[in-house]
Amino acid sequence: MAEFLQFLISGLTVGAVYALVALGFTLIYNASGVVNFAQGEFVMLGGMVTVFASAAGLPLPLAALVAIAAAVAIGLMLHRFAIEPARGASAVTLIIITIGASILLRGVAAIVFDKQFHKLPAFTGDTPVDVLGAAVQPQSFWVLGGTAVVVLGLYVFLEHTLLGKAVLATAANRLAARLVGINTTTIMALAFGGSAAIGAIAGILVTPITLTSYDVGTLLALKGFAAAMLGGMGNPVGAVVGGLLLGLLEAFGAGYLSSTYKDAFAFLVILIVLFAAPQGLFGRRVVERV
Amino acid sequence: MRALVNQRFVTLAILAVVIAVLPLAFPSSYYFRVASLVWVSALAAIGLNILMGQAGQVSLGHAAFFGIGAYAVAIGPTHLGIPPWAALLFGALLSGVLAYLVGRPILRLKGHYLAIATLGLGVLVALVITTESRWTGGPDGMPVERLTLFGWRVSGSYTWYWVTGGLLLIGTWIALNLDETPTGRAFRALHDSEVAAQVVGVDVARFKLQAFVIAAIYASLAGSALAFMNGFINPDQAGFLHSVELVTIVVLGGLGSVVGSIVGAAVLVTLPQALTVFQEYEHLLLGLIIIVAMIFMRNGIVPSLSNLLLRRARS
């Protein structure tokens, strides 16, 4: 039982990070139709900027704020200088642009920071907490709690503010949204900024557990994309569930079956899910208009 | 029709001349090596372009087939005693069969779902290669026995330049010919509109599957060639980043353009070599060049430039 609980909590912790990355994917995809492969770099920036800002003497909360601000600035620049000029290009062209952006950001991070691994101190100490026999790092609670706050905040924003509803309207139908007076360019910029902030928060929360370096983004983007697809691309609830599920699959697969093949279980399940339900778990069945 | 035949012939002839003349400008064997790398990448990209540019399907796991081809010629002779040339054919066969089996269910999926399914396949293959170190040497990779054909030991960067160049010519010839067969026309119909293609009687699922199998075999042969050429192979060749590189080559050069894939490969293989002069700025510049190229030549280098030239010629 204790072992099961141990795997459960570590799976949920990793899954929460995947969920945040997937949420970032979803936000940008909904607003602009772009699959942003630079999403993992926002997570990297969140961790790296916090590490270096706190090393420069800033207290941790302030350093975290600086990191989020930096990621948002870069998210907005990505939209303004790379996505916006290529407006109207095909989906695959836009994907290559974000891949280029991801290489660029990795290159910049390697120069501005360095190529070493870095660690942040856990927010509230390293003494494991005993939960029904499982030893849990306090930072796990920060990750889970932080994810819950972000998801809740995003939900309130989308459902209960005028701006949030404008985002949903843009996601549903860009042309119709523009016709009722929504500035879809601003909404897209907002989505890139918000998505960058979510990624950076994920990076700050998880760095005390997993360490960070200039190139952690690729793997996270891959997992986040997989999580978003597992849940059904474009569905925020699906992104969160997909992320948590992916984390759990990895943790239980590694714990009970084979740790070397932990990534295999996750992708094997994704393949099976897609064969059975080609739209993902929560995806809408899209009827193509001819 | 005759114009088309001529155009194809001219393209092939120009490529042959380029391959033949290029060595005159090469000061050292290092250049032969880099050029061979371009030919190999171009071969894989031309195959992928049949899937992406003509059948309109994105594969984010194509390096898996490249890896299978490469490891087939490494494992076959070393562990199983198969002659190298037979291992090459076996790798291509294995890739084709795998693509067929996996492609049947995968190709029902559309757009980004196909991308994630192929991505999953790529990750699985790469993981098996990295983990089964008894057979593959694990993350460190493994040596590859030299290719021997009828007693001729194929080795050296000079020899391989001509071998890979010849392979590229054959691959280009097949791809160009495919364009004008009923299959090629069916692929293009698919790319323009799946529904319309279905309405006029194109068996959509079958042709997508065909394109996927062809693309897999191209990648596998390119992988085998690289493994023989380097005499060494490691799991990076089957990894996600290599898949991304192949897709980038295809899109950068121009979707649906055979020549585009060769140009794309030339750019993406030589650029990092040239940029090493800038040392730590290498990745920064590479990313920047990809972004700028895609913004200003959103249809890819070759289609964008040829459109520009056509417009100039007309005015």
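# Group meeting talk: two chains, helix by helix

Let's start with one crossing: in chain A, α9(A) passes α10(A) in a right-handed crossing. Before I go on, please keep in mind that this is a predicted model.

So, who makes that contact? On the α9(A) side we have Lys223(A), Ala226(A), Ala227(A), Ala228(A), Leu230(A) and Gly231(A). Facing them from α10(A) are Gly238(A), Ala239(A), Val241(A), Gly242(A), Gly243(A), Leu245(A) and Leu246(A). Sorted by class, that contact of α9(A) with α10(A) has 8 nonpolar, 4 polar and 1 charged residues.

Now the geometry. Two packed helices are described by the angle between their axes and the distance between the axes. Here α9 covers residues 217-231 of chain A and α10 covers residues 236-257. They pack at an angle of about 120°, and their axes are 7 Å apart. That angle makes α9(A) oblique to α10(A).

Okay, let's step back and look at chain A as a whole. How many helices and strands does chain A have? You'll find 11 helices and 2 strands. If you walk from the N terminus, the elements go α-α-α-α-β-β-α-α-α-α-α-α-α. The radius of gyration of chain A is 19 Å, close to the 19 Å from the globule rule for 290 residues, so chain A is as compact as a globular protein of that length. Along the principal axes, its C-alpha atoms fill a box of roughly 55 × 50 × 35 Å. Of those 290 residues, 50% count as buried. And if you take the contacts in chain A between residues at least 6 apart in sequence, 75% of them join residues at least 24 apart.

Helix α2, residues 39-55, and helix α3, residues 60-83, have axes that come within 8 Å and cross at roughly 140°. With that angle, α2(A) and α3(A) are therefore oblique to each other. The crossing of α2(A) past α3(A) is right-handed. From α2(A), the residues in the contact are Phe42(A), Leu45(A), Gly46(A), Val49(A), Thr50(A), Ala53(A) and Ser54(A). Their partners in α3(A) include Leu60(A), Ala63(A), Ile68(A), Ile74(A) and Gly75(A). What does the class count look like for the contact of α2(A) with α3(A)? It comes to 13 nonpolar, 4 polar and no charged residues.

Is Ser10(A) buried or exposed? It's buried, because 22 other C-beta atoms lie within 10 Å, and the cut-off for buried is 20 or more. Ser10(A) and Ile83(A) are 73 residues apart along the chain, and their C-alpha atoms are separated by 36 Å.

Next up, where the two chains meet. The contact takes 37 residues from chain A and 33 residues from chain B. On the chain A side, α4 (91-112), α9 and α11 (262-276) each supply at least two residues. The largest share comes from α4(A), with 14 residues. By class, the side of chain A that touches chain B divides into 30 nonpolar, 4 polar and 3 charged residues.

Over to chain B, then. Its secondary structure comes to 14 helices and 4 strands. The radius of gyration of chain B is 19 Å, close to the 20 Å that the globule rule gives for 315 residues, so chain B is as compact as a globular protein of that length. Its C-alpha trace spans about 55 × 50 × 45 Å along the principal axes. Buried residues make up 51% of the 315 residues in chain B.

For a helix pair in chain B, look at α7, residues 157-179, and α10, residues 204-230. Their axes are 11 Å apart, at an angle of about 175°. So α7(B) and α10(B) are roughly antiparallel to each other. In the contact, Trp160(B), Thr164(B), Leu167(B) and Gly171(B) of α7(B) meet Tyr218(B), Ala225(B) and Met229(B) of α10(B). Those divide into 5 nonpolar, 2 polar and no charged residues.

Let's finish on Ala219(B), in helix α10 of chain B. With 32 C-beta neighbours inside 10 Å, Ala219(B) counts as buried. Leaving aside neighbours within four places in sequence, its contacts include Ala44(B), His62(B), Phe65(B), Phe66(B) and Ser95(B).

Methods. Residues numbered from 1 in each chain as written. Chains lettered and ligands numbered in written order. Predicted model: local features only at pLDDT ≥ 70, side-chain atom pairs only at ≥ 80, totals over all residues. Axes fitted to C-alpha atoms, helices over the stretch in contact; angles between N-to-C directions. Parallel < 35°, antiparallel > 145°, perpendicular 65-115°, else oblique. Left-handed = near helix turned anticlockwise from the far one by under 90°. Contact = placed C-beta atoms within 7 Å. Nonpolar A, V, L, I, M, F, W, Y, C, P; charged D, E, K, R; others polar. Rg over C-alpha atoms; globule rule 2.2 N^0.38 Å. Buried ≥ 20, exposed ≤ 12 C-beta atoms within 10 Å, placed from the backbone.
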